[in-house]
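Dear colleague,

A short account of the findings follows it.

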Amino acid sequence: MKRINLKGRDLLKMADFTTEEINHLINLGLEMKKNRDTPKAKKLTSKKPIVIMFQKTSTRTRCSFET
């Protein structure tokens, strides 16, 4: 399996990433969600920014105000 390095890259639009990179991000997110309560995961994500993606702008606005 090819190592994918996305350090320093921003996800502003899907066209900036290859299919392989997008699949990697999705699989990484699923893996992190599955292991989110482990001490290793908590250490890796401590004081790190997270991403919340929304399909509809109305949901994004509502959630950003609630957060």
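In this predicted model, Arg9 forms a salt bridge with Glu21, with 2.8 Å between the closest N and O atoms. A salt bridge here is a side-chain nitrogen of Lys or Arg within 4 Å of a carboxyl oxygen of Asp or Glu. The pair links distant parts of the chain, twelve residues apart: Arg9 lies in the segment before α1 and Glu21 in helix α1. Helices are DSSP runs (H or I, at least four residues), numbered from the N terminus. Glu21 is buried, at 14% relative accessible area, whereas Arg9 is partly exposed, at 36%. Buried means under 20% relative accessible area, exposed over 50%, and partly exposed in between (1.4 Å probe, protein chains only).

By this rule there are two salt bridges. Glu31 also forms a salt bridge, with Lys34, the closest N and O atoms being 3.9 Å apart. These two residues are separated by about one helical turn, because Glu31 and Lys34 are three residues apart in helix α1. Lys34 is exposed, at 62%, and Glu31 is partly exposed, at 40%.

Leu11, Met14, Leu25, Leu28 and Met32 form a nonpolar surface patch with about 410 Å² of accessible area together. Such patches join nonpolar side chains (Val, Leu, Ile, Met, Phe, Trp, Tyr) within 5 Å, from residues with over 30% relative accessible area and no salt bridge. Accessible areas come from the Shrake-Rupley method with a 1.4 Å probe. Met32 lies in helix α1 (residues 19–34) and is partly exposed, at 42%.

Residues are numbered from 1 along each chain as its sequence is written, and side-chain values use heavy atoms, without hydrogens and water. Local features need pLDDT of at least 70 and side-chain atom pairs count only at pLDDT 80 or more, while totals for chains, interfaces and linings use all residues.

With kind regards

Definitions and conventions:
Patches are made of residues with over 30% relative accessible area and no salt bridge: like charges are joined within 9 Å, nonpolar side chains (Val, Leu, Ile, Met, Phe, Trp, Tyr) within 5 Å.
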